[in-house]
Every structure is written in C-alpha cells, then in structure tokens.
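Visitor: I have a structure open and would like to go through it step by step. Could you guide me?

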Amino acid sequence: MRYEAVIGLETHVELATKSKIFCSCGGHSAKGEPNTRVCPACAGMPGMLPVTNKRVVELAMRAGLLLNCQISRYTTFDKKSYYYPDLPCSYQITQWFHPICREGSVEVTTKDGARTIGIKQIHMEEDAGKLVHDDWTETTLVDFNRTSVPLIEIVSKPDFRTADEVMAYLEKLKTMFRFANISECEEGAMRCDVNISIRPEGSEELGVRTEIKNMSSLSSIRRAIQYETARHLDAVERGTETLVQETRRWDDVKGRTFSMRNKETAADYRYFPDPNLMPILIGDDWLRRVKDEMPASVEEKTAEYQSKGLSAKEIASLTAERVLCDLFDALISSGREPKEAASWILTECGGILRKHGQVMGELDIAPEKLSRIMEKVSGNEINRAAGRKVLEAVLYEGADPDEYCEAHDLSAQGDADAVRQVVLKVLDNTPAAVRDYLGGKKKAFQALFGGCMKELKGNGDPQVIRALLEEELAKRS
Amino acid sequence: MGQFVTEIRPGGAIAVDDTIQVKGYETKAGSRILEGFQPLFGAEAVERLEKAGYEIAGKTAVGEFGLDLLGEFSHSGATLGASGGLRGAAAELAAAGTVKGALCADLNGAPRRAAALSGVGFVKPTYGTVSRYGLIPCACSGEQIGVMAKSAGDMRGLLEAVAGHDPKDGTSLPTESYDYADGKAVSEMRVGVVKELTDAASDGARAKVQAQADALRGLGVAVGEVSLPLADAARTAWNILLCAETCNNLSRYDGVKFGYRSPDYRNIDELYVNSRTEGFNFLTKAVILYGSDVLSKGRYFACYDKALKVRRLVWEQSKALFENYDALLCPACGKTEYQPYDIKEAFGAVFAESFYTAIPNLTGFPSVVCGGVQLIGDALQDGRLLNLAEALEGGAAK
Amino acid sequence: MMTAEGLSALEALNELRLTPDEKMETLSIFRRMESYEAALQEIPTDNVEVMVHVMPLANVLRDDVQAQPFTRESLLEGAPEHTEDSWQVPRLVK
C-alpha cells in the first residue's frame, strides 16, 4: 500500500514594529542586552494595562491580504493561561474566538508543480521571553526582552504532502513578508509547529497525528518532517511502535524527534476574552487604506523595473530585498538615471558590502547621500574610483559626501582646471620627456601620464588626464 | 506590620487603599505574596489627586486582594478601629475625621459595605471614568477605583479630581474630564426601591432603606417600588466572572519576578507551588480554584459564557428601569453589623453579601452609598446620584 | 460535579496545594456554587450576545512608538533571586 503524509503548519512570525504589541518597549527581539527592553508590564508586575499597537493590527491585515484571507470586521483578544518562567504573567494574550484573518490560500511551486495550500486563520499574539540555562550555577536565567514582541501565527490547513512543499511555502512566506515590510524574518523570527499524520493514498481518513513544536531553521524543519514521516510509516507498516497523539520536539544533533512527556500535553489553557482590550472593528475605509499602503509586490516591482530598462539580472537582484527596491526608487525620484542607480547599488555598494563580509540585505544608506555621490561622479566633480571611496566612508564611517570630498581633497581631482594645473606642472618639470614625445617617441607619453597620476595620488580620472595631456602637448608642438 | 497601614502622614488628607499603587509605599494588596513589592509607578488616580493639590495621607489595609467582606483577612496588618476589622480601615478613618477621604478599589462591594456600616459615603463610579492604571488587578471587567468621604460634596470634589480619560487604560472612556454637578432638581426625580434586594435584607438594613425612602419623599422625590428579577442571577454571574478573571490575574504571582518566594524548593514546580500555597490565604485559593474551573474546557460555555450573556440581560433589565427612574434604592449590605468568622466561611459569606453589591460591578453602572443605603444609577449619572446623596444629607441635618 | 480528583487536578493546574481540611471546604464551596449555576442555566439566553465589556468602546489603539522609561536595575531590584542582568530560577530540565 502506498501512503501519503498529511502535514499542517502553524507558523509564528515576529512583526517588524518599533515597539511591542501591548506596551512601548522596543519591539525587536534580537537586539539589546538581556532585560533592557522590559517594563513592569512585560516583567509580569501588576498595575499596567495593555494597549494595542495599531501597527501590529495593520501588519496582520497586510499579511492576510497577501495570503488571500478574509479580513475579519470584528476581531478581539483572549487570554491563554499556563505557567512557565518565560511567560511573566502566566498568561499570553492571543486571539482564540475572533482571529483577525480567516480562510486564505497560497500557491506553492515545487519541482512537481504548483499546489494551493489553504490558510485556516491568522491571529495576533504576544511572544514569550527567553530562557538561558546556566550549567555553572545550576540555574536558569530569564530574559524578558522578547516578551510581548508582536507575532502573527499563520495556521495552514493540513494540505502539505511533502517536505518540499513545506520548504517552498516557508520560503514564499519569507520573501512575501520581508518584501511587504511585515517581518524581517531573520534567524529565529519565524518559528514553526508541524502537525504530521500519514494515511493510505486516496483515503480521506486521517491517521494518528503528532505535533513537532518550535523549530526555527528550515533545514531542521525539513529533516524533522522526513524523520517523523518515516517514523509513522515504520509504525503503521512494520508495527515498530504504537503511535499516540502527542507533542514532540526535534533534536537537531541526534537527528530525531522525541516525546515531551510533561504536563504541557495535559494543559487546559482556559481561554477567555480579555476584559482590558476592547474589540477592533475593521471598516471599509481602514481596510482600503491598508490595501493602498501595501508596498508593491515582487511581481509589480519586476514589471515596473522592466519598463525602466533594467536587465533581468538587475531586476532579480534588486527585488531580492525590499531595502534595495526602496533605495532604488528613492534614487530615481531624486533624478538619478535607472541603469546608473542599479549599477551603484548592485556593483558599487554590493562590492563594498562583500569586502566587509556583509550581504545586500544589510545595506543601510541614506538615499540622498548615495544620490549626492552619483551626482558628483556624473558631473565629473570626482571620478568613479573616488566615488567608491566616498561611498565606503559613507557606509562605514557615517561620512557626509561633500564634507568627505572636501576633507580628503577629492573634489579637486575630478575638476578639469585643477587637473590641467597638474598636467602643466608635469610638462614644465619634465622638458626631456616632452621633447622626446614631440620628437616622435610616443612611449614618452606613458612617463608623462604616470607623472600626472603620481601628482594626483592615483585619484585622477585617466581619461581626463589623457585628454588634457594630449591637448597641452599639441599646444607645444 | 501594623505600622504599614496605620501610619498617617501629619497633615495628610487622603488615604489610599493597599490595592492601589502609591510610589514610595510597599504595595501588598493585603497579601503575603506581594511582600516587599515596591511599585515602580503610582496609580493614575493617585497622581491626579496629587496634581489637584491633595496630599496622600497613607495607605489603608484591605483584605487579601480586596476579596473578603470588609478587610478582615488581611496581610497588610491589623486594620484600624475597635471593631476588629469588620468596619473597613478606610471607612473608619474617614468616619473619625482622620482623613478627608480615601481612594478604595471596589471589586466585590467591600468599600460600599464599609461605608454603609460606618455612616460615610462612597461612590463606585461608572466603569471607564476613573483609570485603573496602577490598580492591582483582579476582575478587570468590573472593578473600579472609587472615592470615600463623609459628605457628598467631598465625594464630588474628589471624583472630579481623579476621573477623566487616561490613554494608559484601554477601557478608559474618551471624555477628558467630568462635571458632576447635575442640573436635575431632586424634586423632579424618581427613585425605585428594588424589591428583591430590600426584601432579602435584615430588619435593620431594611429599616434604613425605608427611612431613606421616606426622607426622599419628604424632599419631593417620587419614590416607587421596582422589581429586578435577575438580581440573584446577577450575583452568580458576577462571582463567576470575578473568580475567573482573578484566577487569571493572580497567576502572575509565582515567586519568580518579585514579591514572596518560599524558602523551601528544589525545582521550579516546588518554587511555584510552595510560594503560592504559602503566599495566598484560603479565600484567595478558593477563588482561584473556582475561577479556574469555570474557564475549563468542559465548563466554559455553561459557566463563563453563560455569565457573560446574563450580564447583558441584567444590563438590559436595569437599563429598562432607568427609562423611568433616576436611581434605584437598595441596601448596600444585608446586615447592620458583622461578627468575626473563620476564613473557611469567607467565600460563602462574601457570596451572600455580594447579592446587594453585584449589579454595579457586573454592569458598570455607578453606585453611591450614603446614609447607610445604596443608590444605583444609569451609566454616567454619577452626578445625579450625588445630588440625591446631598439632598439626603441636608434632609437628615434638619 | 467537582470531585476530589478533579480538585487535585485544579490544584496542580493552578500551582496550589490545599490541606485535607481545605479540600473538604473547597468541595463544599463548589457544591454550593453548582446549585447557583443550575439556577443560571434556567435563564434563557438563546440569541443573547455575550457582554465582555460594559461600555461600548472599540479600536482603542496606540501609535507604534518606542519608549523605555524603566531601568533594568529598578525592575530586578525586587526580584527574589537575580543576576546582574536576569531573573533567576532553579535550572529547568531541558
């Protein structure tokens, strides 16, 4: 008999907000020393009251729109109770009764073709803190920086059949969410619980279902699915063990899942509506505004950049990262030429980032500064090599392009008059070489050129120097 | 320990009960579990009082988390007064004139009972008018900080100082400030004596209601009898909600982050269980366990959800009465005095007495206690209730 | 109906332990409340919406602005056990 796996995913995604979901502490979990992004509320102290961050609601709506969901017109928050040291209030504010999005779908493409995965719901909730186990003191240290950082949980229908489909789905969510500024999706900002069962192909009945909790790396998720599917197959086909419905964890070192035999499985979360949080009503106007503010998708950006004459390769590189598109668009709107802008971002910025061991997604530069550098180069104020130098200083020293050129005497070297002075000085100081050249020894030109470059400390534009040299030599013939 | 609550700063004017945070004062909400807890910020209501020029006199004891009848089971220390904690600490201070007034949290009617027994006034304002920021939370959907004072005029002044929109409380109504001077003349008002609540009370408590009804008639108020058939259901519903919400809110006290930690543990489970077992009294434990049960998978719809629906029916039934009546008159408590009792009886005793006080907590309607009785009004009609209270004071003086 | 076993499970769920006496007392509290609950069931509530909030507010939201007015030191000061930067509990089994 042939079997197929039935897989469903619960994917937690940390939202890219400045502050937490119910208090004003810094929202980004990956930043900061332990417990520096904490207030009495996220340390579980009494007295503070939750007030919902509007941006969280709008980013959840945005995610729902991208995943073709129905956006609820009425959505509320509920409390879920359990004890664990990373949960300071011993309850988590989540959405149980009226989640913000329902009934969506997303198409995933693997080597076997395209399939549609159903989305059951998306809900908003707060994250828990982090625990660090200290072997020296035999204690566990509790860090609440991540407590109350906003998450959306995307609950898929059990529509996946293979690990490949799961990978394609997660990669697609990642690209979509990064591109729409919903989440930075960096390491640890996307975590999955995977539900797995197997059944004879063509059967509608579901087998015993197990859940593997809290995995964050794609390779772990793939390996865990493969392991767990094989375990189910062995159990069903060869009777190696009796499957029970349970929660398991993935051990990445041993490469296997193991049962979490603790009280968590018997927990009763006692959900109830949070009396401190008023319902959120989403009307047509608000929904329309969120739609209007939605950043263009990869597809839309691709079409736009094609019309601007960029190559397929340039477009692919730019649309790989939202920040690159934003930078490119800003350069265009401040009057820079598209091909040039793409080249400065991908070749020049890219080269410098690589040199410093960084990737394109980490590019962080004020568009007006890059625009200014490009302007200086295209206006021959400085040459491209000097422009690169300025760019590196802007990226890694926070320099201002104009001030930097001034301070490093760069502006002068592109300036034709200044270069002409250098050329005249070289011609005056090396009369022998001039005579040789005028007498037909064309090789002498290289010596004169080298002299100029030396004077200009290598910063001269070779083409400009060459042209000026020829012009001045012609005058002396 | 006794010093903690009985110390009154010289020249102080307003006492604050121990469930309301005041910066610089240990805040225990009457519970050992909060031993040593120093709040990092003061309650909005307290800050507003200070801004309005009032001085904070000190803190008064409450029963653990304000869950008991009158503050008799308190870890804050002994309450003031000769009656052994059965009159309420804040009410005794106000009655004795030691303070001009007090801020007290009304969770299940304790300050209303205390005021009625001590002959002072208390207003539990309309839900959402006074910020709960800085209140040690139990039942967030119906608890409110209220104002205790001898005279209706003082209650009005204090309430005006503390009420108004607070963006730090997501349930705070948008009105920036309130004017509690109501234009309606008392002689044009109609008051309904609630049959179910009055009939059930002791002779002494019923006599007080009759006396105040007569006094109101003497002031030209049209007084009639009204029926609230859901009064008993209102009590059950409120106690279900209160226990469930309190169970949830008290789950933060686990010996990990602040407050009391048992010295006796070998692992995290023992740390939790021993800290909470030693930190809470039996009444609180019973509230937590019952509250947990009404939220459990099998019981949620029969208990908690049902209580939320009954809340709407009680609200509608009361609202219908406010179409014809400016206020409902009833006892604030079923007795005129209380005898000491064992904590094992506390849950039942509080449940019994909350019959008289549950409706304003359940529905958010305002309630004013004066002259030993209770007046309940429509939402945002706190000023009208204070007008009636003022008229009764004047009438009594005559 | 609440049973002794049910009560033990509730104690565990709420990280509490009752004495045998308190267990008896608690069971009788549950017994009394169960009769009040039964009376509540008599009230017809078909087509009645739950009332979570007594005042009709909606969309109480704040802008996404960061603020960090409390220091780590002040937050950790009242902790029963802490290190320089963290709260501390007995080591949890992995």
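This is a predicted model: local features need pLDDT of at least 70, side-chain atom pairs count only at pLDDT 80 or more; totals for chains, interfaces and linings use all residues.

Visitor: Let's start with chain A. How many helices and strands does it have?

Guide: Chain A contains 15 helices and 17 strands.

Visitor: And what are its dimensions along the principal axes?

Guide: The C-alpha trace of chain A spans about 100 × 60 × 55 Å along those axes. The radius of gyration of chain A is 30 Å, whereas a compact globule of 477 residues would have one near 23 Å.

Visitor: What share of chain A is buried?

Guide: Of the 477 residues in chain A, 43% are buried.

Visitor: And its contacts, what share of them join residues at least 24 apart?

Guide: If one takes the contacts in chain A between residues at least 6 apart in sequence, 68% join residues at least 24 apart.

Visitor: Now a pair of helices. How do α7 and α9 of chain A cross?

Guide: Helix α7 of chain A covers residues 322–333 and helix α9 of chain A covers residues 367–378; their axes come within 9 Å and cross at roughly 55°. Because of that angle, α7(A) is oblique to α9(A). The crossing of the two is right-handed.

Visitor: Which residues make that contact?

Guide: From α7(A) they are L327(A), A330(A) and L331(A), and from α9(A) they are P367(A), L370(A) and S371(A). By class, five of the residues in this contact of α7(A) with α9(A) are nonpolar, one is polar and none is charged.

Visitor: On to chain B. How many residues of helix α3 are buried?

Guide: Helix α3 of chain B, residues 89–96, is mostly covered, with seven of its eight residues buried. They are A89(B), A90(B), A91(B), E92(B), L93(B), A94(B) and A95(B).

Visitor: What follows α3 of chain B?

Guide: G97(B) follows α3(B), and its phi is positive, near 80°.

Visitor: Which residues are buried in α5 of chain B?

Guide: Helix α5 of chain B runs over residues 152–162, and its buried residues are A152(B), M155(B), R156(B), L158(B), L159(B) and V162(B). Just after α5(B), G164(B) has a positive phi of about 130°.

Visitor: Now chain C. How many residues of chain B are in contact with it?

Guide: The contact brings together 53 residues of chain B and 42 residues of chain C. On the chain B side, α8, α9 (268–279), α10 (282–294), α11 (301–322) and α12 (346–363) each supply at least two residues. The largest share of that side, 11 residues, comes from α11(B).

Visitor: And by class, what does the side of chain B that touches chain C have?

Guide: That side has 26 nonpolar, 14 polar and 13 charged residues.

Visitor: At what angle do α8 of chain B and α2 of chain C pack?

Guide: Helix α8 of chain B, residues 231–249, packs against α2(C) at an angle of about 120°, and the axes are 10 Å apart. That angle is why α8(B) counts as oblique to α2(C). The crossing of α8(B) past α2(C) is left-handed.

Visitor: Which residues meet there?

Guide: D232(B), A233(B), T236(B) and A237(B) of α8(B) meet Y36(C), E37(C), A39(C) and L40(C) of α2(C). The residues of this contact comprise five nonpolar, one polar and two charged.

Visitor: I also clicked on I29 of chain C. Where does it lie?

Guide: I29(C) lies in helix α2 of chain C, which covers residues 20–41.

Visitor: Is I29(C) buried or exposed?

Guide: I29(C) counts as buried because it has 22 C-beta neighbours inside 10 Å, and the cut-off for buried is 20 or more.

Visitor: What does I29(C) touch?

Guide: Leaving aside residues up to four places away in sequence, I29(C) touches A286(B), Y290(B), F347(B) and G348(B).

Visitor: And how far is I29(C) from G6(C)?

Guide: Their C-alpha atoms are separated by 14 Å, and the two residues are 23 residues apart along the chain.

Terms used:
Residues are numbered from 1 along each chain as its sequence is written. Chains are lettered from A and ligands numbered from 1 in the order in which they are written. Helices (H or I, at least four residues) and strands (E, at least two) are DSSP runs, numbered from the N terminus. The radius of gyration is taken over C-alpha atoms; the globule rule is 2.2 Å times the number of residues to the power 0.38. A residue is buried if 20 or more other C-beta atoms lie within 10 Å of its own, exposed if 12 or fewer, and partly exposed in between; C-beta atoms are placed from the backbone. Two residues are in contact if their C-beta atoms, placed from the backbone, lie within 7 Å. Axes are lines fitted to C-alpha atoms, for helices over the stretch in contact, and angles run from 0 to 180 degrees between N-to-C directions. Angles under 35 degrees count as roughly parallel, over 145 as roughly antiparallel, 65 to 115 as roughly perpendicular and the rest as oblique. A crossing is left-handed if the near helix is turned anticlockwise from the far one by less than a right angle, and right-handed if clockwise. Ala, Val, Leu, Ile, Met, Phe, Trp, Tyr, Cys and Pro count as nonpolar, Asp, Glu, Lys and Arg as charged, and the others, Gly among them, as polar.
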